[in-house]
Amino acid sequence: MSEKNSNEKRKVVVVQGRDIYEYRAFYQKARRAKYISHLDLYRAVQRTFQRADIPVWFTEGFNPHIYLTFPMPIFLGCEGVEEAFDFRTTADLEPEELMEKLNAAFPEGIRVTRIAAPVHKATEIVRADYTLRLSSEGLSGAELLEKWEAFVSLPAIEAEKRTKKGPKTVDLKPLLYAQSAEADGDCLVLALTTACGPSENLSPVLLADTFAARYGFEPDYRLIRRERMRLESGETFN
Amino acid sequence: MNVKEKLEPLLLKVQKPARYIGGELHEVVKDRQEVDFRIALCFPDTYEIGMSHLGLKILYDIINRDPHCWAERVYAPWVDFEELMRKKGLPLYGLESLDSLDEFQVIGFSLQYELSYTNVLNMLDLAGLDPRAAYRKEDDPVIIAGGPCASNPEPLAGFIDLFQIGEGEEVMMEMIALYRKMKAEGTYTKKDFLREAARIPGIYVPSLYAITYHEDGTVASVTPKDGAPARVTKRIIQDMSAVRYPETFIVPYMETVHDRAVLEVMRGCIRGCRFCQAGFIYRPLRAKNPDVLCRQAKLLCDSTGYDELSLSSLSTSDHPQVEEMLNRIIDYTDEKKIGLSLPSLRVDNFSESLMEKVSRIHKSGLTFAPEAGNQRMRDVINKNVDESEIMRTCRIAFEGGYTNVKLYFMSSLPTETDEDVRDIGRLAQRIVDLFFSLEKRPRKMVNVSVSVAVFVPKPDTPFQWVGQDTFDVIRRKQAALVDSIRSRKISVSWHDVHTSVLEGVIARGDRRLGDAIYRAWKKGCVFDSWSECFHFDAWMEAIHEAGLTPEFYASRTRDLDEILPWDHIDVGVSKAFLKHEWEKAQRAETTRNCREQCAGCGAVKLLARKDGVCVE
């Protein structure tokens, strides 16, 4: 594979002597679509390409399939506003045209907001910003806020994390890079920046579940949204 | 009531929340103010299974085409979500609107298998309704049901207000038209509606039939009242090429059981396998022409983006223009890189050219259904396949590169001995031997997997009078089969004995059995077809508490003159024909397929054209 003639609209890669065009689509995942898993989303996007009649590039292996990669997959239940997937086409197409075709074919809740040549590598992502809204029956927002403030001032936040080698106890606190909180009616609204990347990762839901378990209440999540993914420099992933 | 607010926080606490939220591509959402008739199309099993069912997709499309009507989907919540729904007071709701079921005029259930019946009761209860029709209120929705199990509606007669017998496309819209007309005229009461509906051909209103019983528990009489017909004849679509077929499917996010475009190529089957209820109740054969099929295939695949197309029928290789149909569809699917799957192939007409067409797409495994291990048994069940055909097919498959062959069999068939069961193992061994005798065999190792179902006698088949094997006999036969298998290249799997016996009880149940179903549900039985949820002991208790025995329904051989609980439901084939077939079965005599020679089953009377033949 070699690169040539790339511009800000798309990257050109050569596969077996043929020019292939690589794009990064930024999309929003909201409303009912937030309840689908990454695998479901992957399949939904593949089918969208089939319906949209885009000359999408298929992998050339034993079992050809649409080439599609997601830099940092979003988890089930989480809305996204600046999420990304990469795809390739066999024709040099305008991003606007691709976006129009994809959006006409996407199901409710998934919308592409822009398409451009990939700038960063997925491996450069190290953190992400999240917004969480949660409530619990019988507790006011102010009471939740008070508990939260006590929670984040603990010297360590121990939690059981599932890993490939079985469950292990980890300290979540070093993976929580920044936080702010406020009460809103019966809800607690959190703005969190946590580790997000191939090596270190902290799901904000694990953090909030650990919070709820520590104070013995059952959380009802009203909103979980990833706002953006960032690099080490703080720059937004592009 | 709209449940959205209450629902959302619950979804993150259950497995697979995508089951419960709707919002998939191509779902139909309408303005509540612009429709006057709302119907919930319920499938009494999980989303993944219900979303795979073609019949409800067809009805959803046909009903939603009418601007006055809105049909929505409802599936049975899995036990984790049901528990939360009950705890938080969340009623069952439609996936499109997220409105609770009390906003609907009609709630309909698709009855595909007997072990889903407790889910029907449970879903009615989750909707805030009494499952028992007699206890429901005037303002409650009308509860209807259809599907193959409605050919013996009696076990559910106490729960369902109205059954649609046969194919639903036309009778559904006729029923809806009557409902809307009576509402518009102000003449609607539930009782009057049901009485009027019973005059529509194909509609059975069980409350209009009084059943009496002999002392031994058999039916003494069935008496219709209020002008209901003495027999309800099933509906069929006369011209399959002309009837509307969905141009698109709802495309689920999560993986469902049949997550692909499904094209129905024909209805009915020419074969007459004597165990097969579908083979009798869907008669006569009606195929779609290749032009229509090509158009429908393209519409479906283009609009859904599915990369797999399945050609569905009871026996796809029996389509009258199978080669032309396949050639034309493959031209399209190849170009679009769409995989083609052909379920229901027969061993006797699986040609090399057909094999080549299928194998161009993907080469995983082949599945065939010899059904029995020797010729006498195959003749008893009228499978009309001989061993040389099975061997020829396996040879074509092996030489074509396949190494996994899956074979479906049944045991506990009528007249079957332990030796007959051992012949299943011997046949599997001969297939393994065949593999090693071939010079052109693939280098991978052969695997013959043998899947054995326990035969369940079904209504409207020549075996409807037959007593099912008892537990002890079924177990003894299973042991005999396991004993007959010597090779590690053969793997055997069984259907669960307990579920097969319960299926045997319900399939030929009468109206009295409804009490047992109600009691079983009260004891917590739901999702009976899921082994992790199945409570056989609770079911047996329920049956006994209802004053009944499982033996009366499952293992009792009926007298040929007995009034059967489903005799007043006419699926087209005559009782005289079924009796004649049963007698031939006992002599191991076969009957030729409909295309070779008409056997005079009687289903021709359902056709509007009166030239006396069903098959071209």
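Predicted model: local features only at pLDDT ≥ 70, side-chain atom pairs only at ≥ 80, totals over all residues.

User: In which sense do strand 1 and strand 3 of chain B pair?

Analyst: Strands of a sheet pair through backbone hydrogen bonds, in either a parallel or an antiparallel sense. Here strand 1 (residues 37-43) and strand 3 (residues 106-110) of chain B pair in the parallel sense over four bridges, where helices (H or I, at least four residues) and strands (E, at least two) are DSSP runs numbered from the N terminus, and pairing requires at least two DSSP bridges. In chain B these strands belong to an open sheet of six, ordered 2-1-3-4-5-6, whose pairing is mixed. Strand 2 and strand 6 (203-204) of chain B stand at the edges with a single partner strand each, so one side of each has no neighbour in the sheet.

User: How many bridges join strand 2 and strand 3 of chain A?

Analyst: Strand 2 and strand 3 (residues 18-29) of chain A are joined in the antiparallel sense by five bridges, and Lys11(A) stands opposite Glu22(A) of strand 3. Two residues lie between the strands of this hairpin in chain A, where Gln16(A) adopts a positive phi near 50°. Four of the five residues of strand 2 (residues 11-15) of chain A are buried (under 20% relative accessible area, with exposed over 50% and partly exposed in between, for a 1.4 Å probe and protein chains only), so this strand is largely enclosed by the rest of the structure.

User: Which strands of chain A pair with strand 12 of chain A?

Analyst: Among them is strand 5 (residues 79-89) of chain A, which pairs with strand 12 (residues 220-231) of chain A in the parallel sense over two bridges, and here Glu79(A) stands opposite Arg225(A). Strand 7 (residues 125-135) of chain A pairs with strand 12 of chain A in the antiparallel sense over 10 bridges, and Asp129(A) stands opposite Arg228(A).

User: How many aromatic pairs are there over all chains?

Analyst: Rings of Phe, Tyr and Trp (its six-membered ring) pair if their centres lie within 6.5 Å, with planes under 30 degrees apart called stacked, over 60 edge-to-face and the rest tilted. This rule gives 38 aromatic pairs over all chains. The ring centres of Tyr47(B) and Tyr75(B) are 5.5 Å apart and their planes meet at 85°, so this pair is edge-to-face. Tyr47(B) lies in helix 2 (residues 47-50) and Tyr75(B) in strand 2 (residues 69-75) of chain B, so that the pair links distant parts of the chain, 28 residues apart. Tyr47(B) and Tyr75(B) are both buried. Tyr179(B) and Tyr188(B) form a tilted pair, 4.9 Å centre to centre with 55° between the planes, and both of these tyrosines are buried. In chain A, ring pairs link Tyr23(A), Tyr27(A), Tyr42(A), Phe49(A), Phe70(A), Phe85(A) and Phe87(A) into a cluster.

User: Where does the charged end of Arg132(B) sit?

Analyst: A charge sits over a ring if NZ of Lys or CZ of Arg is within 6 Å of the ring centre and within 35 degrees of the ring normal. The charged end of Arg132(B) is over the ring of Tyr135(B), 3.8 Å from its centre, while Arg38(B) lies over the face of Phe104(B) at 4.8 Å from the ring centre.

User: Which residues touch the most other members of the largest nonpolar core?

Analyst: A nonpolar core is a set of buried Ala, Val, Leu, Ile, Met, Phe, Trp, Tyr and Cys residues joined through side-chain atoms within 4.5 Å. In the largest, which has 179 residues, Phe49(A), Phe85(A), Phe109(B) and Phe193(B) touch the most other members. Helix 6 (residues 168-185) of chain B gives this core its largest share, seven residues. A second, separate core has 35 residues, including Leu25(B) and Met325(B).

How values were computed:
Residues numbered from 1 in each chain as written. Chains lettered and ligands numbered in written order. Heavy atoms only, no water.
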